[in-house]
Amino acid sequence: MPVEITWWGHATCTIEDSGLRVLTDPLFARRLAHLRRRRGALPPPEAAVADAVLLSHLHADHLHLPSLARIAPGTRVLLPRGAPGAVPGLSRKLSHLRLVEVVPGDEVRIGDLVIRAVSALHDGRRLPVGPHRAPALGFVVGGESRTYFAGDTGLFDSMADEVGDVDVALLPVGGWGPHLGHGHLDAARAAVALARIAPRSAVPVHYGTYWPIGMDAVRPHEFHAPGEEFVRHAERLAPEVTVHRLGHGESVRPEVTKGEPQ
């Protein structure tokens, strides 16, 4: 069966491959600090069903302890090396899970899948304070297909070499506020990354879900438009890649041959 991707919102996706479910950066909250979920219903209970969980970095909208508490006991969670020491209460609150600390280059086999950690260019600290003790990561999930989950990252020179040949790329194209700083991809930079990686298909993520409370009228374009802008930039820079722009809770089985229609 080909890979199936479901986007639940923000950076939370389910990758189904080889009969297994891999969940990325689970965030099932209606509100997180000053952010609220502005678009899309909360993911249903089945979104928390996974054979493995990938955590790209320590920011609270990617490593969210209450959401991780919903994952079934014994599930393996791949996370940056040093995370248990950098996030207060992580080991205690997630004692029901099997935490596997990884760095770029590490590979973990789960059933018929091989999950490889790769680099990301992003400030991976647990904010608002905390030493930089855990690197931000991306992951390549290899099974019947090869799927790259970029996490949160900026462009970096070795990106394509580290990722390698992949069928699907899940790329962040926006954020949760009106400005994106260093270590992020906006729609235009994500299209550059897409052209460098050259997967067969792509799914834009990390946009159009959470927004700061009280800022609905502040640069609304930055909330609504990144998905459409990514499609437009990708058509220009990477015309052979099929882009699937999903709604919250929607799924797709990407084609494995470049250029085939959705």
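**View 1. The largest nonpolar core of this predicted model has 52 residues.** Within this core, Ile115, Phe139, Tyr148, Leu194 and Phe230 touch the most other members. Helix α5 gives the most to the core, with six residues. Apart from this core lies another, of 22 residues, including Leu58, Leu68, Ala83 and Ala134.

**View 2. Here we zoom in on Tyr148 and its contacts.** Leaving aside residues up to four places away in sequence, Tyr148 touches Val118, Phe139, Val140, Met159, Val163 and Val166, along with Val168, Ala169, Leu170, Leu171 and Ile197.

View 3. As a friendly reminder, an α-helix has 3.6 residues a turn, so residues three or four places apart point the same way.

**View 4. Now for the two ends of α5.** At the start of the helix, a side-chain oxygen of Asp186 comes to within 3.3 Å of the backbone nitrogen of Ala188. Just after the helix, Ala198 adopts a positive phi of about 55°.

**View 5. Residues 258-262 call for a look at model confidence.** Over this stretch pLDDT stays under 50, and the model has 12 contacts for it beyond four places in sequence. For the protein chain, the mean pLDDT is 91, and 91% of residues reach 70 or more.

How values were computed. Residues numbered from 1 in each chain as written. Predicted model: local features only at pLDDT ≥ 70, side-chain atom pairs only at ≥ 80, totals over all residues. Heavy atoms only, no water. Polar contact = N/O pair within 3.5 Å; in protein donor to acceptor, adjacent residues only side chain to side chain. Helix = DSSP H or I, 4+ residues; strand = E, 2+ residues; numbered from the N terminus. pLDDT = per-residue confidence, 0-100. Contact = heavy atoms within 4.5 Å. Core = buried A, V, L, I, M, F, W, Y, C linked by side-chain atoms within 4.5 Å. Buried < 20%, exposed > 50% of the residue type's maximum accessible area, 1.4 Å probe, protein only.
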